[in-house]
Amino acid sequence: MVDLRKLDDVTARLGDVVLDPAGWPSFMDEVCAAVGATGAAMLQSDIRTEDIPRTESITDYFSKTYFPCNLHLTDVRAARGVPRLLAGADVITDADLFGSEAEMLRDPLYASLGEFGLKWFAAVGFRAGSALWGLTIQRSPKEGMFDTDEVKALSTLSARLTEAATLSTIVGRSAISGITNALDLIQIAAIAVGRFGAVIGMNSQAEACLGHDLVIRNNRLTLHDRQAHADLSRLIDQLRHTSDLLTLPSAPIVMRRIDKRPIVIQMQPVPPAARSPFLGARAILLIRDLESNATFDQNLLVATFELTPAQARLAAILARGGSVEDAAQATGISTATARNHLKAIFQKTGTHRQAELVALLHLVK
């Protein structure tokens, strides 16, 4: 069932997905058409997350059963197949994993595949740096199991996929580096992180921010302020469970310090070129140290948000890290009046929390 000419044509276009990682599902669709299969997905040998590149034809299986039922944690194909790929096999199939079809169908994973009209499997192993990946190709009962000649044809993909994954990682790193370096030029500290919070890169402005209150420990950003660190951990946890196709959480984190103004951290998505599934870059943390840049033009705040002069004075104090009580004392008004001003400021600026207001005001300085 494998069309060798089609397969050669598909692999010749791997350069396109190196430059645009969003093209992996389309590439896998073409592979499936060339080898007579229903769908495909790319899985890492030791870490499998819901945002894996996959064809639309098998998305229901992954989104409704494979991940929700935790089959990714007990996948027999990984348990029995990964050692064979590590030992040097380019391709594995069901015949490599089971002694008989009856044994195969007793496995819970294969029972679940049957509910979606799927049955037979092959995985092409390839490398992305030190990580082992598999292009898993799924066939229906009618399409049949992969025979020896088809496995031989699929094995030609292994080296080409390794080349593409390696280049894709390099391109992604270059894109991340370009972004953080550009932010360096306008004096914005930036740290790129992956889905699990690991630091992928940072610029010199970010390095200058590191110290007692902000530390890289075990290749992860650690904040001295417990509340801020808990907020950062929640954001990272959301990264872990949020698809690349969805909007990232955007609420800023305010890290308070003793005898210093706060540090504000805001999360931004990485650009498409940096979204290589093999690099895993997921977000860029923008870090603003209010101690080093705390001047606010109150007239600009009045003009931009239609604040009254009193509201602008209060907003400027809050943006420099002061509390509502501090602002009330500095402006000679009661705390109750200051809180009323803050409510009006929230309404005029479209914010709901003080942390959001601080982040917004720093954008219009």
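Arg77 is buried in the predicted model, with a relative accessibility of 6% (buried means under 20% relative accessible area, exposed over 50%, and partly exposed in between, with a 1.4 Å probe and protein chains only). The residue belongs to helix α5, which covers residues 76-86; helices (H or I, at least four residues) and strands (E, at least two) are DSSP runs numbered from the N terminus. When neighbours within four places in sequence are set aside, the contacts of Arg77 are Tyr66, Val82, Ile92, Leu97, Leu109, Tyr110, Leu113, Phe121 and Gln138, where contact denotes heavy atoms within 4.5 Å.

Thr169 is likewise classed as buried, at 15% relative accessibility, and is located in helix α9, residues 148-185. Apart from residues up to four places away in sequence, Thr169 touches Ser276, Phe278 and Leu279.

Residues are numbered from 1 along each chain as its sequence is written. Because the model is predicted, local features require pLDDT of at least 70 and side-chain atom pairs pLDDT 80 or more, whereas totals for chains, interfaces and linings use all residues; side-chain values rest on heavy atoms, with hydrogens and water left out.

At the level of the whole protein, 16 helices and 11 strands are assigned. The radius of gyration is 26 Å, well over the 21 Å that the globule rule gives for 365 residues, so the protein is more spread out than a compact globule; the radius is taken over C-alpha atoms, and the rule is 2.2 Å times the number of residues to the power 0.38. The C-alpha trace spans about 85 × 40 × 35 Å along its principal axes. Of the contacts with a separation of 6 or more, 57% join residues 24 or more positions apart.

The protein carries 37 positive and 40 negative side chains, and the centres of the two sets lie 6 Å apart. Lys and Arg are counted as positive and Asp and Glu as negative, without His and the chain ends, and each charge is placed at NZ of Lys, CZ of Arg, CG of Asp or CD of Glu.

The search for disulfides (pairs of cysteine sulfur atoms within 2.5 Å) returned 0 across the whole structure. Cys32 is buried at a relative accessible area of 3%, and Cys209 is buried at 19%.
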